[in-house]
Amino acid sequence: MKNKTTSENPLICDPVEGICGIPDSADNTKIKVQKIIKPVKLVYFTDPICSSCWGIEPQLRKLKLEYGNSLEIEYRMGGLLPDWSYNSGGISKPSDVAHHWDEVSVHYDMPIDGDVWLEDPLPSSYPPSIAFKAAQQQDPDIAVLFLREIREMVFLQKKNITKWEHLESAAKKVGLNTSQLKIDFDGIAKTLFEEDLKLAKQFGVRGFPTMFFIDKEGNKETVYGSKPYAFYETSVLKLNPSAAKCEYNKNSDTLFAKYNSLTAKEFSELSGMPRSESEKYLNDLSAKNILEKLTTKNGSIWKLKNSVKME
């Protein structure tokens, strides 16, 4: 897939580069970040409907488990799809995205059902992005759970997450105060989202996922697009060579206690189990009524029954 096409169409994600692009509006303003508490800060520019961002969930979750003690993550929204007014080069309407999402699902080995663009298409990615900023006002950690929940809604459940009913449902599930969320959604969250868009320009972000690893001296490593886990680990170790990798229990009980839902690719990445075996293993747990399985036309996800755990 040519880079020209990707840059013109934010929802056309280049599997080779692992990027969902946005219009070129970057500048070279010097990067400024908030205070860094842990040895390394990861500033993660993402979007709720970015399929490449969904594709790196296995790597990101592993990074949190192995280097969470020396790495703090700052989530920023990038504004992937303002509206449909400027798209060209083969993507002019929501239905054009449907088949592409199905293809991307196979490439990343992460379940995505593109039929949402046929059945209940999203006009923009801004409302769920603003809702995430509202969630951050209550609790940054629960906001990450909220982001995961709305991603599962749009990628697997074919729900239009620009609609308040779905945002409210996700908020309730992860324990947010929905009344306060609506107040912030209609108020301060819009300003905070605009600040994220400005910061994305300052950082020179032109696609998602883009990750900037920064140490306390301002040294920076950048991982642009979906890459194998070693790229993210190497970035941490370059900036903090003394970072100790945390050894964690890789059995299913521990992993599902940490992450409420896992795909077969995620379970394989986190447990070390070969991908050829992970799906059968999860199916067995589902048959034993330990896990709940949700199946889409492009794969499945397994959830721990009746429980929500922290990211």
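Mentor: Happy to! The axes of α13 and helix α14 (residues 275-287) come within 8 Å of each other and cross at roughly 115 degrees, where axes are lines fitted to C-alpha atoms, for helices over the stretch in contact, and angles run from 0 to 180 degrees between N-to-C directions. That makes α13 roughly perpendicular to α14, a label used for 65 to 115 degrees. The crossing of α13 past α14 is right-handed, meaning that the near helix is turned clockwise from the far one by less than a right angle. On the α13 side the contact is made by A264, K265, F267 and S268, and on the α14 side by R275, S278, E279, Y281 and L282; contact means heavy atoms within 4.5 Å. These residues divide into 4 nonpolar, 2 polar and 3 charged, with Ala, Val, Leu, Ile, Met, Phe, Trp, Tyr, Cys and Pro counted as nonpolar, Asp, Glu, Lys and Arg as charged, and the others, Gly among them, as polar.

A word on the source: this is a predicted model, in which local features need pLDDT of at least 70 and side-chain atom pairs count only at pLDDT 80 or more, while totals for chains, interfaces and linings use all residues. Residues are numbered from 1 along each chain as its sequence is written, and side-chain values use heavy atoms, with hydrogens and water left out.

Helix α3 (residues 57-67) also packs with α13, at an angle of about 30 degrees and with the axes 9 Å apart. Here too α3 passes α13 in a right-handed crossing. From α3, the residues E57, P58, Q59, R61, K62 and L65 meet K265, E266, E269 and L270 of α13. This contact divides into 3 nonpolar, 1 polar and 6 charged residues.

Now for the sheet: α13 (residues 264-271) lies across β8 and β10, running at about 95 degrees to β8. Helices (H or I, at least four residues) and strands (E, at least two) are DSSP runs, numbered from the N terminus. The open sheet has 3 strands in the order β8-β10-β9, paired antiparallel; strands pair if DSSP finds at least two bridges between them. β8 (261-263) and β9 (291-296) stand at the edges with a single partner strand each, so one side of each has no neighbour in the sheet. The twist averages 25 degrees from one strand to the next. Between β8 and β10 (residues 299-304) there are 3 bridges, and T263 has I301 in β10 as its bridge partner.

Notes: Angles under 35 degrees count as roughly parallel, over 145 as roughly antiparallel, 65 to 115 as roughly perpendicular and the rest as oblique.
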